[in-house]
Amino acid sequence: TNQDTNKLNSALSLATTPLEKSVALTYLEQHALAIETLGKETFTSDEIDVSDNPGDRAFVHYRYARAFESIPHYKRALVYYRQADDPRGIADILVSLARIEGINALMKKEYAERAIKVLTSTGDLERAAVISQWALSIK
């Protein structure tokens with residue numbers, strides 16, 4: 001709504017760090033600008049050298065990845081969710097990766113199985129069952 005947009009713009013004007021601004025921009029669905037504002041991050045396949053507020057960083061990358069189906073940003077979000085010890089975020093990323101067009105069936109199944117393991121380990125058996133059922137349709 002217009003009121004929500006006004007509140008988010010107000011939050012953006014009060015943000016003092018690039019990360020705070022990036023989160024506000026992400027809520028405003030200005031994903032590319034949010035990533036640009038976040039700045040350059042040193043990234044390798046398994047670790048990122050910036051560990052402050054990994055949950056917020058994961059959120060910014062996740063929303064960008066969803067908007068643009070960006071596998072590299074899904075993978076960055078996955079690393080940050082792991083740093084934040086957020087199993088729900090990890091499972092969401094793995095399911096999102098499994099649903100991307102163009103990824104081969106073997107990888108889709110692997111991502112789905114990993115998501116099921118994460119959800120099962122946290123006791124979220126209902127979501128695990130839904131994903132398990134969906135994974136049966138992967139060909």
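Reader: Y62 and Y74, buried or exposed?
Author: Both Y62 and Y74 are buried. Keep in mind that the model is predicted.

Reader: What is the geometry of the Y62 and Y74 rings?
Author: Their centres are 6.2 Å apart and the planes stand at 55°. Planes under 30 degrees apart would count as stacked and over 60 as edge-to-face, so this pair is tilted.

Reader: Where do the two sit in the chain?
Author: Y62 is in helix 4 and Y74 in helix 5 (residues 71-83). They are 12 residues apart, and the pair links distant parts of the chain.

Reader: And Y62 with Y81, what kind of pair is that?
Author: Edge-to-face, with 6.5 Å centre to centre and 70° between the planes. Y81 also lies in helix 5, 19 residues from Y62 in helix 4. Both Y62 and Y81 are buried.

Reader: Which residues end up in the cluster?
Author: Y62, Y74 and Y81, linked by ring pairs.

Reader: How many aromatic pairs does the structure hold?
Author: It holds 4.

Reader: Switching to helix packing. At what angle do helix 3 and helix 4 cross?
Author: Roughly 140°, with the axes of helix 3 (residues 31-38) and helix 4 (residues 54-68) coming within 9 Å. The crossing is left-handed.

Reader: Which residues meet there?
Author: From helix 3, H31, A32, A34, I35 and L38. Helix 4 brings R57, V60, H61, R63, Y64, A67 and F68. By class, the contact has 8 nonpolar, 2 polar and 2 charged residues.

Reader: Last one: where does R99 lie relative to W134?
Author: R99 is over the face of W134, at 4.9 Å from the ring centre.

Notes: Residues are numbered from 1 along each chain as its sequence is written. This is a predicted model: local features need pLDDT of at least 70, side-chain atom pairs count only at pLDDT 80 or more; totals for chains, interfaces and linings use all residues. Side-chain values use heavy atoms; hydrogens and water are left out. Axes are lines fitted to C-alpha atoms, for helices over the stretch in contact, and angles run from 0 to 180 degrees between N-to-C directions. Helices (H or I, at least four residues) and strands (E, at least two) are DSSP runs, numbered from the N terminus. A crossing is left-handed if the near helix is turned anticlockwise from the far one by less than a right angle, and right-handed if clockwise. Contact means heavy atoms within 4.5 Å. Ala, Val, Leu, Ile, Met, Phe, Trp, Tyr, Cys and Pro count as nonpolar, Asp, Glu, Lys and Arg as charged, and the others, Gly among them, as polar. Rings of Phe, Tyr and Trp (its six-membered ring) pair if their centres lie within 6.5 Å; planes under 30 degrees apart count as stacked, over 60 as edge-to-face and the rest as tilted. Buried means under 20% relative accessible area, exposed over 50%, partly exposed in between (1.4 Å probe, protein chains only). A charge sits over a ring if NZ of Lys or CZ of Arg is within 6 Å of the ring centre and within 35 degrees of the ring normal.
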